[in-house]
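Dear colleague,

I am passing on a structure to you, and below it you will find some notes on what came out of it. Please read them with the structure open beside you.

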Amino acid sequence: MERKNCYFISFILLIVVWLAGCDSYAEPSELPSVPSAAEQDHTLEEDVTVIRTLKIGLSMDTLVEERWEKDRDMFKEAVEALGAEVEVKAANGNDALQIAQAETLISQGVDLLVLVPHNAEAAATIVGKAQMAGIPVISYDRLVKNANIDLYISFDNEKVGELQAEAITALVPEGKYVYIGGASTDNNAHLLKEGVYNVLQPFIERGDITVVYDQWTEAWMPANAKQNMQAALIANDNDIDAVIAANDATAGGVIEALAEQGLAGKVPVAGQDAELAGLQHIVNGEQAMTVYKSIKSLTEQAAEIAVRMASGEVIETDTTINNGKKDVPTVFLTPVAVDKTNIEETIIADGFHRAEDIYHGLPNK
Ligand code: GAL
(Lines give C-alpha, C1' and ligand atoms only; values in the text may rest on other atoms or scores of the structure.)
Protein backbone atom coordinates (compact mmCIF):
# COMPACT_ATOMS: atom_id res chain seq x y z
CA MET A 1 0.00 0.00 0.00
CA GLU A 2 1.55 3.25 -1.16
CA ARG A 3 3.02 5.38 1.51
CA LYS A 4 0.69 8.23 0.51
CA ASN A 5 -2.38 6.10 1.22
CA CYS A 6 -0.90 5.16 4.60
CA TYR A 7 -0.51 8.77 5.59
CA PHE A 8 -4.02 9.50 4.37
CA ILE A 9 -5.50 6.59 6.32
CA SER A 10 -3.56 7.38 9.45
CA PHE A 11 -4.63 11.02 9.04
CA ILE A 12 -8.26 9.91 8.77
CA LEU A 13 -7.78 7.71 11.78
CA LEU A 14 -6.25 10.62 13.66
CA ILE A 15 -9.24 12.80 12.81
CA VAL A 16 -11.57 10.04 13.93
CA VAL A 17 -9.77 9.63 17.27
CA TRP A 18 -9.68 13.38 17.80
CA LEU A 19 -13.34 13.74 17.03
CA ALA A 20 -14.07 10.93 19.51
CA GLY A 21 -12.09 12.86 22.12
CA CYS A 22 -13.99 16.01 21.34
CA ASP A 23 -17.15 14.19 22.01
CA SER A 24 -16.03 13.26 25.53
CA TYR A 25 -14.83 16.83 26.26
CA ALA A 26 -17.52 18.21 28.58
CA GLU A 27 -19.03 21.53 27.83
CA PRO A 28 -17.63 24.24 30.16
CA SER A 29 -20.94 24.13 31.98
CA GLU A 30 -20.38 20.45 32.45
CA LEU A 31 -16.84 20.84 33.79
CA PRO A 32 -16.59 20.17 37.55
CA SER A 33 -16.76 23.68 39.05
CA VAL A 34 -13.61 24.88 40.78
CA PRO A 35 -14.64 25.23 44.47
CA SER A 36 -14.28 28.86 45.69
CA ALA A 37 -11.81 29.60 48.49
CA ALA A 38 -14.65 29.76 50.97
CA GLU A 39 -16.05 26.48 49.74
CA GLN A 40 -12.60 24.93 49.99
CA ASP A 41 -12.31 26.26 53.55
CA HIS A 42 -15.79 25.12 54.37
CA THR A 43 -15.19 21.64 53.23
CA LEU A 44 -11.85 21.60 55.01
CA GLU A 45 -13.51 22.85 58.18
CA GLU A 46 -16.20 20.30 57.78
CA ASP A 47 -13.57 17.69 57.41
CA VAL A 48 -10.91 18.86 59.87
CA THR A 49 -11.81 19.81 63.42
CA VAL A 50 -9.12 22.17 64.64
CA ILE A 51 -8.04 21.14 68.14
CA ARG A 52 -6.71 24.38 69.62
CA THR A 53 -5.43 24.54 73.17
CA LEU A 54 -7.58 26.94 75.16
CA LYS A 55 -5.65 29.79 76.71
CA ILE A 56 -6.66 31.33 80.03
CA GLY A 57 -5.21 34.66 81.09
CA LEU A 58 -4.70 35.19 84.86
CA SER A 59 -4.24 38.83 85.85
CA MET A 60 -3.27 39.12 89.51
CA ASP A 61 -2.96 42.17 91.78
CA THR A 62 -0.01 40.90 93.75
CA LEU A 63 2.04 37.89 94.89
CA VAL A 64 3.07 39.59 98.16
CA GLU A 65 0.80 37.68 100.52
CA GLU A 66 1.70 34.01 100.92
CA ARG A 67 -1.67 32.74 99.63
CA TRP A 68 -1.39 34.31 96.15
CA GLU A 69 1.54 32.13 95.16
CA LYS A 70 -0.61 29.15 96.07
CA ASP A 71 -3.51 30.58 94.03
CA ARG A 72 -1.23 31.04 91.02
CA ASP A 73 0.42 27.60 91.18
CA MET A 74 -2.70 25.60 92.04
CA PHE A 75 -4.84 27.36 89.43
CA LYS A 76 -2.21 26.75 86.75
CA GLU A 77 -1.96 23.11 87.72
CA ALA A 78 -5.73 22.64 87.69
CA VAL A 79 -6.20 24.33 84.30
CA GLU A 80 -3.35 22.34 82.72
CA ALA A 81 -4.88 19.15 84.09
CA LEU A 82 -7.95 20.07 82.05
CA GLY A 83 -5.85 20.37 78.88
CA ALA A 84 -5.74 24.15 78.66
CA GLU A 85 -2.92 26.61 79.31
CA VAL A 86 -2.51 29.65 81.55
CA GLU A 87 -0.63 32.89 81.10
CA VAL A 88 -0.06 34.66 84.42
CA LYS A 89 0.71 38.32 85.07
CA ALA A 90 1.04 40.00 88.48
CA ALA A 91 0.90 43.77 88.87
CA ASN A 92 2.49 44.29 92.28
CA GLY A 93 -0.35 46.45 93.48
CA ASN A 94 -0.10 48.89 90.56
CA ASP A 95 -3.39 49.69 88.77
CA ALA A 96 -1.83 51.08 85.58
CA LEU A 97 0.44 48.05 85.29
CA GLN A 98 -2.48 45.67 85.85
CA ILE A 99 -4.46 47.37 83.07
CA ALA A 100 -1.45 47.23 80.71
CA GLN A 101 -0.81 43.57 81.54
CA ALA A 102 -4.48 42.71 80.94
CA GLU A 103 -4.36 44.55 77.61
CA THR A 104 -1.41 42.34 76.64
CA LEU A 105 -3.33 39.18 77.56
CA ILE A 106 -6.36 40.44 75.61
CA SER A 107 -4.25 41.29 72.53
CA GLN A 108 -2.67 37.83 72.76
CA GLY A 109 -6.21 36.50 72.24
CA VAL A 110 -6.77 34.60 75.48
CA ASP A 111 -10.07 32.70 75.47
CA LEU A 112 -10.97 33.88 78.95
CA LEU A 113 -9.58 36.30 81.52
CA VAL A 114 -9.44 35.51 85.24
CA LEU A 115 -9.01 38.74 87.14
CA VAL A 116 -7.88 39.40 90.73
CA PRO A 117 -8.32 43.19 90.82
CA HIS A 118 -6.04 45.45 92.82
CA ASN A 119 -8.68 48.17 92.74
CA ALA A 120 -12.31 47.03 92.52
CA GLU A 121 -13.36 50.18 90.59
CA ALA A 122 -10.30 50.77 88.40
CA ALA A 123 -10.40 47.17 87.16
CA ALA A 124 -13.72 47.85 85.43
CA THR A 125 -11.63 49.30 82.59
CA ILE A 126 -10.08 45.88 82.05
CA VAL A 127 -13.48 44.20 81.88
CA GLY A 128 -14.62 46.74 79.29
CA LYS A 129 -11.59 46.00 77.09
CA ALA A 130 -12.03 42.24 77.41
CA GLN A 131 -15.68 42.52 76.52
CA MET A 132 -14.88 44.59 73.42
CA ALA A 133 -12.67 41.68 72.37
CA GLY A 134 -15.43 39.16 73.13
CA ILE A 135 -13.42 37.65 76.00
CA PRO A 136 -15.40 36.52 79.07
CA VAL A 137 -14.12 37.63 82.49
CA ILE A 138 -14.19 35.79 85.81
CA SER A 139 -13.67 37.93 88.92
CA TYR A 140 -11.51 35.74 91.16
CA ASP A 141 -11.59 36.09 94.97
CA ARG A 142 -12.17 39.84 94.73
CA LEU A 143 -15.20 41.41 93.03
CA VAL A 144 -14.79 43.96 90.22
CA LYS A 145 -17.34 46.70 90.81
CA ASN A 146 -19.57 48.38 88.22
CA ALA A 147 -18.46 46.13 85.39
CA ASN A 148 -20.10 43.55 83.18
CA ILE A 149 -18.22 40.53 84.53
CA ASP A 150 -19.43 37.07 83.59
CA LEU A 151 -18.92 35.28 86.91
CA TYR A 152 -17.54 35.84 90.43
CA ILE A 153 -15.94 33.05 92.49
CA SER A 154 -14.65 33.53 96.01
CA PHE A 155 -15.09 32.56 99.62
CA ASP A 156 -18.01 34.13 101.45
CA ASN A 157 -16.02 37.09 102.74
CA GLU A 158 -18.80 38.40 104.96
CA LYS A 159 -18.80 34.98 106.61
CA VAL A 160 -15.04 35.33 107.15
CA GLY A 161 -15.64 38.53 109.13
CA GLU A 162 -18.43 36.88 111.12
CA LEU A 163 -16.19 33.92 112.03
CA GLN A 164 -13.48 36.32 113.23
CA ALA A 165 -15.87 38.34 115.41
CA GLU A 166 -17.62 35.23 116.77
CA ALA A 167 -14.28 33.80 117.89
CA ILE A 168 -13.10 37.04 119.55
CA THR A 169 -16.41 37.95 121.24
CA ALA A 170 -16.46 34.44 122.70
CA LEU A 171 -13.09 35.26 124.33
CA VAL A 172 -13.77 38.97 125.07
CA PRO A 173 -17.55 39.61 125.38
CA GLU A 174 -16.93 43.08 126.88
CA GLY A 175 -14.32 45.77 126.39
CA LYS A 176 -12.47 48.03 123.99
CA TYR A 177 -11.94 46.73 120.49
CA VAL A 178 -9.68 47.78 117.62
CA TYR A 179 -10.59 46.99 114.02
CA ILE A 180 -7.67 46.87 111.55
CA GLY A 181 -9.33 46.66 108.14
CA GLY A 182 -7.91 45.60 104.79
CA ALA A 183 -7.23 47.85 101.78
CA SER A 184 -10.27 50.06 101.03
CA THR A 185 -9.60 49.54 97.29
CA ASP A 186 -10.39 45.85 97.78
CA ASN A 187 -14.08 44.98 97.84
CA ASN A 188 -13.28 42.03 100.11
CA ALA A 189 -12.14 44.42 102.84
CA HIS A 190 -15.62 45.97 102.84
CA LEU A 191 -17.36 42.56 102.96
CA LEU A 192 -15.08 41.41 105.81
CA LYS A 193 -15.84 44.54 107.81
CA GLU A 194 -19.59 44.11 107.22
CA GLY A 195 -19.34 40.55 108.56
CA VAL A 196 -17.43 41.70 111.66
CA TYR A 197 -19.99 44.38 112.48
CA ASN A 198 -22.90 41.96 111.85
CA VAL A 199 -21.65 40.16 114.97
CA LEU A 200 -20.34 43.15 116.99
CA GLN A 201 -23.41 45.35 116.55
CA PRO A 202 -25.59 43.74 119.27
CA PHE A 203 -22.64 43.91 121.72
CA ILE A 204 -22.12 47.57 120.80
CA GLU A 205 -25.81 48.37 121.23
CA ARG A 206 -25.80 46.74 124.67
CA GLY A 207 -22.77 48.88 125.52
CA ASP A 208 -20.65 45.79 126.20
CA ILE A 209 -18.18 46.47 123.43
CA THR A 210 -16.78 49.78 122.15
CA VAL A 211 -14.79 49.96 118.94
CA VAL A 212 -12.27 52.62 119.93
CA TYR A 213 -10.26 52.53 116.72
CA ASP A 214 -11.18 51.44 113.17
CA GLN A 215 -8.90 52.02 110.16
CA TRP A 216 -8.34 50.58 106.66
CA THR A 217 -4.81 49.34 105.94
CA GLU A 218 -3.26 50.94 102.88
CA ALA A 219 -2.41 48.17 100.35
CA TRP A 220 -2.86 45.49 103.07
CA MET A 221 0.72 46.33 104.16
CA PRO A 222 1.76 44.88 107.60
CA ALA A 223 3.84 48.02 108.24
CA ASN A 224 0.73 50.20 107.79
CA ALA A 225 -1.24 47.90 110.09
CA LYS A 226 1.53 48.21 112.71
CA GLN A 227 1.43 52.01 112.51
CA ASN A 228 -2.36 52.00 112.89
CA MET A 229 -2.11 49.72 115.93
CA GLN A 230 0.59 51.92 117.47
CA ALA A 231 -1.75 54.91 117.01
CA ALA A 232 -4.62 52.98 118.61
CA LEU A 233 -2.46 52.01 121.63
CA ILE A 234 -1.28 55.60 122.12
CA ALA A 235 -4.81 56.99 121.77
CA ASN A 236 -6.08 54.51 124.40
CA ASP A 237 -3.10 54.37 126.78
CA ASN A 238 -2.58 50.72 125.83
CA ASP A 239 -6.04 49.97 127.28
CA ILE A 240 -7.18 47.66 124.48
CA ASP A 241 -8.98 44.33 125.08
CA ALA A 242 -9.16 42.77 121.59
CA VAL A 243 -8.13 43.30 117.97
CA ILE A 244 -9.71 42.01 114.77
CA ALA A 245 -7.29 42.29 111.83
CA ALA A 246 -8.47 41.64 108.26
CA ASN A 247 -5.78 39.03 107.52
CA ASP A 248 -2.73 37.32 109.05
CA ALA A 249 -0.29 39.73 107.39
CA THR A 250 -1.93 42.75 109.05
CA ALA A 251 -2.35 40.73 112.29
CA GLY A 252 1.43 40.26 112.21
CA GLY A 253 1.88 44.05 112.18
CA VAL A 254 -0.60 44.36 115.07
CA ILE A 255 1.27 41.74 117.15
CA GLU A 256 4.57 43.61 116.62
CA ALA A 257 2.98 46.80 117.94
CA LEU A 258 1.47 44.92 120.93
CA ALA A 259 4.83 43.27 121.63
CA GLU A 260 6.49 46.72 121.84
CA GLN A 261 4.08 47.44 124.73
CA GLY A 262 4.47 44.00 126.34
CA LEU A 263 0.93 43.12 125.33
CA ALA A 264 1.53 40.33 122.79
CA GLY A 265 -0.32 37.21 123.92
CA LYS A 266 -2.37 39.28 126.41
CA VAL A 267 -4.70 40.92 123.85
CA PRO A 268 -6.52 38.39 121.62
CA VAL A 269 -5.99 39.03 117.89
CA ALA A 270 -7.99 37.60 114.97
CA GLY A 271 -6.57 37.09 111.44
CA GLN A 272 -7.35 35.36 108.12
CA ASP A 273 -5.63 33.26 105.44
CA ALA A 274 -3.95 30.58 107.63
CA GLU A 275 -0.51 31.90 106.72
CA LEU A 276 2.39 29.96 108.24
CA ALA A 277 3.42 32.95 110.38
CA GLY A 278 -0.20 33.35 111.52
CA LEU A 279 -0.38 29.69 112.58
CA GLN A 280 2.93 30.00 114.42
CA HIS A 281 1.52 33.05 116.25
CA ILE A 282 -1.50 30.92 117.19
CA VAL A 283 0.50 27.98 118.56
CA ASN A 284 2.73 30.31 120.58
CA GLY A 285 -0.30 32.17 121.97
CA GLU A 286 0.11 35.61 120.35
CA GLN A 287 -2.85 35.19 117.94
CA ALA A 288 -6.25 33.72 118.89
CA MET A 289 -7.46 32.50 115.50
CA THR A 290 -7.32 32.69 111.72
CA VAL A 291 -9.74 31.82 108.93
CA TYR A 292 -8.75 28.97 106.63
CA LYS A 293 -9.82 29.16 102.98
CA SER A 294 -9.00 26.03 100.96
CA ILE A 295 -7.14 27.51 98.00
CA LYS A 296 -7.15 24.03 96.45
CA SER A 297 -10.96 23.97 96.30
CA LEU A 298 -11.11 27.55 95.03
CA THR A 299 -8.58 27.00 92.25
CA GLU A 300 -10.02 23.65 91.15
CA GLN A 301 -13.54 25.06 90.88
CA ALA A 302 -12.30 28.24 89.20
CA ALA A 303 -10.26 26.22 86.70
CA GLU A 304 -13.17 23.98 85.78
CA ILE A 305 -15.50 26.95 85.34
CA ALA A 306 -12.89 28.90 83.37
CA VAL A 307 -12.28 26.06 80.90
CA ARG A 308 -15.99 25.43 80.44
CA MET A 309 -16.70 29.12 79.88
CA ALA A 310 -13.70 29.43 77.54
CA SER A 311 -15.23 26.62 75.49
CA GLY A 312 -18.37 28.70 75.14
CA GLU A 313 -20.50 27.18 77.90
CA VAL A 314 -22.76 29.47 79.96
CA ILE A 315 -22.47 28.67 83.67
CA GLU A 316 -25.63 28.85 85.78
CA THR A 317 -25.22 29.52 89.51
CA ASP A 318 -27.61 29.40 92.49
CA THR A 319 -26.24 32.67 93.86
CA THR A 320 -25.71 36.16 92.47
CA ILE A 321 -24.11 39.27 93.97
CA ASN A 322 -24.83 42.79 92.75
CA ASN A 323 -21.65 44.67 91.81
CA GLY A 324 -23.37 47.97 91.10
CA LYS A 325 -23.84 47.12 87.40
CA LYS A 326 -25.58 43.73 87.43
CA ASP A 327 -26.44 40.66 89.47
CA VAL A 328 -23.30 38.66 88.85
CA PRO A 329 -23.54 34.83 88.78
CA THR A 330 -21.55 33.87 91.86
CA VAL A 331 -19.92 30.78 93.36
CA PHE A 332 -19.19 31.06 97.08
CA LEU A 333 -16.97 28.67 99.00
CA THR A 334 -17.13 28.21 102.78
CA PRO A 335 -14.37 29.50 105.06
CA VAL A 336 -13.37 27.70 108.29
CA ALA A 337 -12.41 29.24 111.64
CA VAL A 338 -9.12 27.82 112.96
CA ASP A 339 -7.54 28.10 116.40
CA LYS A 340 -5.01 25.99 118.23
CA THR A 341 -7.63 23.27 118.88
CA ASN A 342 -8.35 22.35 115.22
CA ILE A 343 -5.19 23.05 113.22
CA GLU A 344 -4.58 19.29 112.74
CA GLU A 345 -7.94 18.36 111.19
CA THR A 346 -8.10 21.42 108.94
CA ILE A 347 -4.79 22.94 107.80
CA ILE A 348 -2.52 19.90 108.28
CA ALA A 349 -5.12 17.36 107.10
CA ASP A 350 -5.51 19.36 103.86
CA GLY A 351 -1.74 19.58 103.43
CA PHE A 352 -2.01 23.37 103.40
CA HIS A 353 0.96 23.51 105.78
CA ARG A 354 3.11 20.79 107.36
CA ALA A 355 3.05 20.19 111.10
CA GLU A 356 6.83 20.45 111.32
CA ASP A 357 6.70 23.93 109.77
CA ILE A 358 3.89 25.15 112.05
CA TYR A 359 5.36 23.74 115.26
CA HIS A 360 8.92 24.45 114.16
CA GLY A 361 11.07 25.02 117.24
CA LEU A 362 8.07 24.52 119.58
CA PRO A 363 7.41 21.48 121.83
CA ASN A 364 4.73 19.56 119.87
CA LYS A 365 1.42 20.04 121.68
C1 GAL B 1 -8.03 39.71 100.05
C2 GAL B 1 -8.02 38.23 100.22
C3 GAL B 1 -7.34 37.87 101.48
C4 GAL B 1 -6.08 38.64 101.72
C5 GAL B 1 -5.97 39.97 101.04
C6 GAL B 1 -4.58 40.50 100.84
O7 GAL B 1 -8.74 40.09 98.96
O8 GAL B 1 -9.33 37.72 100.24
O9 GAL B 1 -7.19 36.49 101.49
O10 GAL B 1 -5.01 37.92 101.55
O11 GAL B 1 -6.68 40.08 99.89
O12 GAL B 1 -4.03 40.20 99.65
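Which residue in β12 is the bridge partner of Y152? The partner is T330. Before the rest, please keep in mind that this is a predicted model, in which local features need pLDDT of at least 70 and side-chain atom pairs count only at pLDDT 80 or more, while totals for chains, interfaces and linings use all residues. Residues are numbered from 1 along each chain as its sequence is written, and side-chain values use heavy atoms, with hydrogens and water left out.

The strands come first. Helices (H or I, at least four residues) and strands (E, at least two) are DSSP runs, numbered from the N terminus, and two strands pair if DSSP finds at least two bridges between them. Strand β5 (residues 151–155) pairs with β12 in the parallel sense over 4 bridges, whereas β11 and β12 run antiparallel and are joined by 4 bridges, with N322 standing opposite D327 in β12. The hairpin of β11 and β12 has 4 residues between the strands, and there G324 takes a positive phi near 95°.

The loop between β11 (319–322) and β12 (327–333) also holds N323, which is buried, with a relative accessible area of 0%; buried means under 20%, exposed over 50% and partly exposed in between, with a 1.4 Å probe and protein chains only. Because 5 of its 7 residues are buried, β12 is largely enclosed by the rest of the structure. Not counting residues up to four places away in sequence, N323 touches L143, V144, K145, N146, A147, I149 and V328, where contact means heavy atoms within 4.5 Å.
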